Amino acid sequence: MPDSPKFLLDENIPRSVKRLLESKGFSAKYAAKGIVNGELALLSKRGGLVLVSRDSDFLNRSMFPPKDFSGIVVFVIHPPRRKKLVAAMSSLLADVNEFKGKLFIVDELDFEVSD
């Protein structure tokens, strides 16, 4: 899938989510541990990567405007159990094929999209 999105995972995303993405044929990699959000955002933008995080800072559209990104996925699942995150990502992937310029706020049952 040459045009399929590539994902950059924040350190707060479990490896099981990375394995799910890879099992579906997507490229997924982790940012360096301890990287600050601004650097993570820059890496995502420079690399054309969809940013995946549980950090609510990325919900701030003025600090992280979705239009500047290849996509932002923020999980708002508490507690963030691995199975719930994997199920949520799986259902997101089933419904979405275009991430560019959008913010996806993903909870256990559904997701909301904004740009």
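Visitor: With which residue does D68 form a salt bridge?

Guide: This is a predicted model, in which local features need pLDDT of at least 70, side-chain atom pairs count only at pLDDT 80 or more, and totals for chains, interfaces and linings use all residues. Residues are numbered from 1 along each chain as its sequence is written, and side-chain values use heavy atoms, leaving out hydrogens and water. A salt bridge is a side-chain nitrogen of Lys or Arg within 4 Å of a carboxyl oxygen of Asp or Glu. With the closest N and O atoms 3.2 Å apart, the partner of D68 is K67.

Visitor: Is K67 buried or exposed?

Guide: Buried means under 20% relative accessible area, exposed over 50%, and partly exposed in between (1.4 Å probe, protein chains only). D68, at 35%, is partly exposed. K67 has a relative accessibility of 66%, so this residue counts as exposed.

Visitor: How far apart are the closest N and O atoms of E22 and K18?

Guide: Both residues lie in helix α1 (residues 15-23), four residues apart, which is about one turn of the helix; helices (H or I, at least four residues) and strands (E, at least two) are DSSP runs, numbered from the N terminus. E22 is partly exposed at 37% relative accessibility, and K18 is partly exposed at 21%. In their salt bridge, the closest N and O atoms are separated by 2.6 Å.

Visitor: How many residues apart are E108 and K84?

Guide: E108 forms a salt bridge with K84, at 3.5 Å between the closest N and O atoms. The pair links distant parts of the chain, with E108 in the loop between β5 (103-106) and β6 (111-114) and K84 in helix α3, at a separation of 24 residues.

Visitor: How is the ring pair of F58 and F64 classed?

Guide: Rings of Phe, Tyr and Trp (its six-membered ring) pair if their centres lie within 6.5 Å; planes under 30 degrees apart count as stacked, over 60 as edge-to-face and the rest as tilted. The count comes to five aromatic pairs. For F58 and F64 the ring centres are 4.6 Å apart and the planes stand at 50°, so the pair is tilted.

Visitor: What is the relative accessible area of F58?

Guide: F64, the ring partner of F58, is buried at 5% relative accessibility. F58 is also buried, and its relative accessible area is 0%.
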